[in-house]
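Visitor: Let us talk through the charged pairs here. Please show me the model.

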Amino acid sequence: MNRIAAKALLEKAGYWVTSVENGVEALRELSDRPYALVLMDIQLPVMDGIEATKAIRAGEAGAQNAGIPIVALTAYAMSADKEAFLAAGMNGYLAKPVEVEPLGAMISKVMSRRWSGRKSGAGSGWFPLS
């Protein structure tokens, strides 16, 4: 349900959105096309968001995607959880339920870092949600 709501929210805001159901599909989709950003749920079936993030950072979705901005989306709200997500290679963190303004601010923040040359990654707009 969160994936459907977030996808609709992002599309209404003008973003191009592709969603997948698990971490393995996220790696496959990211390997197939260039994207600008990943919104990664932590609790994904088959391969969770932390495992998928580590695989992306290790180049398993293509070397060109190893530095793509990844933002964690999760119901976990403890500060220790946030630190674990960042330590896994995520660039930001948002607690669910996701709200429009914080989501827009986070996207702007991680994308401005990327385009200013501090982050590297792929092409044009990917948001795997769960």
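Visitor: Which residue does the side chain of Glu11 meet in a salt bridge?

Guide: This is a predicted model, where local features need pLDDT of at least 70, side-chain atom pairs count only at pLDDT 80 or more, and totals for chains, interfaces and linings use all residues. Residues are numbered from 1 along each chain as its sequence is written, and side-chain values use heavy atoms, with hydrogens and water left out. A salt bridge puts a side-chain nitrogen of Lys or Arg within 4 Å of a carboxyl oxygen of Asp or Glu. At 2.9 Å, N to O, the partner of Glu11 is Lys7.

Visitor: In which helix do Glu11 and Lys7 both lie?

Guide: Helices are DSSP runs of H or I, at least four residues, and strands are runs of E, at least two, numbered from the N terminus. Glu11 and Lys7 are 4 residues apart, about one turn. Both lie in helix H1.

Visitor: Is Glu29 buried or exposed?

Guide: Buried means under 20% relative accessible area, exposed over 50%, and partly exposed in between (1.4 Å probe, protein chains only). Glu29 forms a salt bridge with Arg33, with the closest N and O atoms 2.3 Å apart. Arg33 is partly exposed at 37%. Glu29, at 16%, counts as buried.

Visitor: How many residues apart are Asp41 and Lys96?

Guide: Asp41 forms a salt bridge with Lys96, the closest N and O atoms lying 2.8 Å apart. Asp41 sits in strand S1, while Lys96 is in the loop between strand S3 and helix H5. The pair links distant parts of the chain, and the separation is 55 residues.
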